[in-house]
Amino acid sequence: MTKQPKRYLITAALPYANGLKHIGHLAGAYLPADIFVRYLRAQKRDVAFICGSDEHGTAIPIQAMKEGTTPRAIIDKYHELIKQNFADLGISFDIYHRTSEPLHHETAREFFTFLHSRGELIVQESEQYYDEEAKTFLADRFIVGTCPVCGNPRAYGDQCENCGTSLSPEMLINPHSTLSGTSPVKKRTSHWYLPLDKYEDFLRQWILTEHKDDWRANVVGQCKSWIDGGLQPRAVTRDLDWGIPVPLPEAKGKVLYVWFDAPIGYISATRQWALDTGKDWKPYWYDQDTRLVHFIGKDNIVFHCIIFPIMLKLHGNILPDNVPANEFMNLEGDKMSTSRNWKLDMQDYIDDFIKKENGGPRFADVLRYYLTTIAPETKDSEFTWKGFQYANNSELVSKFGNFVNRTFVLMHKLCNGKVPPLHATRVDDTDREMIAAIGATKAKVEELLEAYRFRDALFEVIMLSDLANKYMQKKEPWIVVRTLAETPANQQLIDNCLHICLQVTANLAILINPFLPYTAKTMLHMMKVVEKMLDWENAGKLNLLSVGYSLRAPELLFRPIEDEEVKVQIEKLQAAAAAKAAADAAAQGPADAKSAKTAATPEGKPGKQDDAAQEVAAGKPAIVYDDFAKLDLRVGTILAAEKVEKADKLLKLTVDLGTEQRTIVSGIAAHFKPEEIVGRQVVVVANLAPRKMRGIESNGMILMAEDASRLFFVNPEDKIAPGSGVS
């Protein structure tokens with residue numbers, strides 16, 4: 001493990017204060033950041049967790065126009081709502097600041113002035129769209145027109161939210177201003193630019209050499225693509241009346257571009273946090289013994305890995321040590337989209353689960369748990385309500401919660417509600433294996449968290465609870481108690497089992513705390529111990545609960561989620577999307593709807609598919625890349641294989657996926673003998689929903705090729721590490 005820094009500065013992307021944020025945002029940046037910070041705090045490390053609202057840019061006045069109010073009213077409204085949403089879901093920022101605050105304006109102006117005074121910025125003249133009636137230059141978002149790709153008549157000048165295509169105003173058909181409705185004209189204007197092209201060599205060395213192995217492959221890959229494509233100067237000012245005025249007399253009517261001022265918000269927020277806590281903020285941004293980590297979504301990679309680091313380098317600040325960017329999270333088979341109302345807002349989840357009767361903070365932990373298990377750390381993932389229900393019922397309720405509840409119930413029933421002693425002379429190999437697993441799990445979780453592999457780290461914690469359940473099942477203290485009349489000494493066996501189970505429970509509270517903080521606190525209450533026990537240094541210890549100490553009665557940590565609750569959520573999602581589509585269609589009008597439909601066909605003309613497309617249709621329906629990306633394909637190694645009783649076609653396989661072993665039932669028994677395939681590498685569909693076959697739960701599917709007479713494994717040509725992704 002590398003040398004620990006003196007302090008940590010952890011940032012999560014500043015969300016736009018122009019509307020509610022959905023669970024895709026939560027999973028992308030804020031939840032993983034919070035897990036990491038809670039772990040660092042448990043390690044007693046010096047850490048500042050920084051975030052806040054991004055309150056400038058065109059998104060704010062556009063939302064104000066939609067709601068018939070002012071930009072100031074919009075940011076005041078959504079800043080408070082988003083801040084409370086994060087708090088309700090256990091996101092524990094040290095400060096949640098605002099870029100509208102005077103301290104941020106001061107910090108951003110100082111930053112610009114520093115770069116300008118040292119000649120690091122250049123001035124360039126360019127043509128931009130101008131609304132002659134409104135007498136103002138138009139940002140891309142203030143220009144709408146017909147998308148040249150899908151025919152959507154309400155595409156913006158930077159992106160079509162119907163098909164997702166990135167656009168420029170010049171690409172729009174019949175562009176017009178959202179301010180006046182008139183067609184804009186081109187007009188020359190001057191702006192200050194950051195010459196990114198001057199720093200390509202620096203970026204190649206810093207990212208593609210120094211961090212090529214410790215940063216995520218998707219981050220390095222996207223950066224390489226940008227650098228190889230050739231960087232261009234990027235404007236740091238624009239013609240708007242909403243934002244931070246450029247601090248130069250010749251820049252009247254211009255403001256700092258939001259992409260320039262927003263990341264400086266991390267610095268201004270740190271300054272405010274330092275003022276509030278009596279600390280010195282400068283070491284967190286200037287001392288090389290500080291580890292700066294940015295948690296973001298993949299749409300922010302270019303800003304946090306290329307543009308902001310250049311700004312920091314020129315300003316004399318430290319550079320980020322890591323930028324663990326997540327991919328996107330889809331919802332029920334489709335991309336999350338605010339414009340199409342296909343989303344689950346944090347506020348809606350809070351209202352429907354946390355604030356409702358029989359809800360409460362435990363449901364914040366349920367969402368945190370599920371989002372972590374499906375975290376899009378290396379590829380896009382998908383939230384489904386059935387998956388949410390399964391994660392809660394089959395993992396939190398049946399494994400983690402079940403173990404803790406059984407331990408407390410049996411301790412009260414068989415040990416008078418007190419922690420029993422551990423009798424050394426009666427400790428056997430099964431006991432020793434369970435004890436060893438505690439320390440091994442701590443080491444694995446620690447290693448994975450330090451590597452920003454939160455999904456795998458949480459899996460290890462749940463596997464410890466599952467292992468403890470199996471340990472208790474093997475020891476059967478409820479059976480042993482029946483022998484006490486004849487063999488009183490067997491109470492020692494009961495004592496040993498429940499002593500170990502209680503020490504496992506205490507360790508589980510420590511290990512689960514970064515992920516499920518409300519659950520950890522409930523467990524502390526049941527154990528009658530103070531919060532200090534959650535310090536990471538206590539993990540792995542076997543004396544966390546003193547012998548003879550009385551514990552409280554058990555509380556159910558989680559409750560099952562019923563089918564009806566899932567059905568309600570799916571219907572609610574579909575109804576909201578349908579209502580939005582109907583409203584959009586009504587706003588377009590019949591003529592616009594017809595033109596959009598026509599424009600969606602090749603060359604804007606309705607017609608038959610070409611021959612190749614017809615051939616595809618004759619097989620299976622064509623899919624888009626996003627459909628394929630939903631599959632989690634991984635390389636696995638078959639460790640064991642055996643025939644399933646009373647099933648001629650089925651083999652029960654144990655498959656190593658690197659971080660876990662899976663039981664998979666496969667219908668290949670007619671083609672392969674069990675002993676022939678042990679050690680073979682295969683490709684596994686790892687995110688297939690579990691399915692019971694002949695009473696065995698199968699967790700995945702083996703990909704096979706088939707001709708007229710036999711099956712063939714789809715496998716890598718060369719031996720590679722189990723768990724490797726397939727794309």
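Leu-545 sits in the loop between α17 (517-527) and α18 (563-599), where helices (H or I, at least four residues) and strands (E, at least two) are DSSP runs numbered from the N terminus. The model is predicted: local features need pLDDT of at least 70, side-chain atom pairs count only at pLDDT 80 or more, and totals for chains, interfaces and linings use all residues. Residues are numbered from 1 along each chain as its sequence is written, and side-chain values use heavy atoms, with hydrogens and water left out.

**Surroundings of Leu-545**

- Leu-545 is buried, with a relative accessible area of 2%; buried means under 20%, exposed over 50%, and partly exposed in between (1.4 Å probe, protein chains only).
- Leaving aside residues up to four places away in sequence, Leu-545 touches Val-419, Leu-502, Gln-503, Ala-506, Met-527, Val-529 and Leu-551, contact being heavy atoms within 4.5 Å.
- Met-527 is 18 residues from Leu-545 along the chain, and their C-alpha atoms are separated by 7.9 Å.

**Helices α5 and α6**

- The axes of α5 (residues 200-210) and α6 (residues 217-228) come within 11 Å and cross at roughly 160°.
- These axes are lines fitted to C-alpha atoms, for helices over the stretch in contact, and angles run from 0 to 180 degrees between N-to-C directions.
- α5 and α6 are therefore roughly antiparallel to each other (under 35 degrees is roughly parallel, over 145 roughly antiparallel, 65 to 115 roughly perpendicular, the rest oblique).
- From α5, Glu-200, Leu-203, Arg-204, Ile-207 and Leu-208 meet Val-220, Cys-223, Lys-224, Ile-227 and Asp-228 of α6.

**Aromatic pairs**

- The count comes to 36 aromatic pairs; rings of Phe, Tyr and Trp (its six-membered ring) pair if their centres lie within 6.5 Å, with planes under 30 degrees apart counted as stacked, over 60 as edge-to-face and the rest as tilted.
- Phe-49 and Phe-93 form a tilted pair, 4.8 Å centre to centre with 50° between the planes.
- Phe-49 lies in strand β2 (residues 47-53) and Phe-93 in the loop between α3 (71-88) and β3 (95-98), so the pair ties together parts 44 residues apart in sequence.
- Both Phe-49 and Phe-93 are buried.
- The ring centres of Tyr-349 and Phe-353 are 4.9 Å apart and their planes are at 20°, so this pair is stacked.
- Tyr-349 and Phe-353 are four residues apart in helix α10 (residues 346-354), separated by about one helical turn.
- Tyr-349 is buried at a relative accessible area of 1%, and Phe-353 is buried at 4%.
- One aromatic cluster is formed by Tyr-8, Phe-36, Tyr-39, Phe-295, Tyr-452, Phe-454 and Trp-536.
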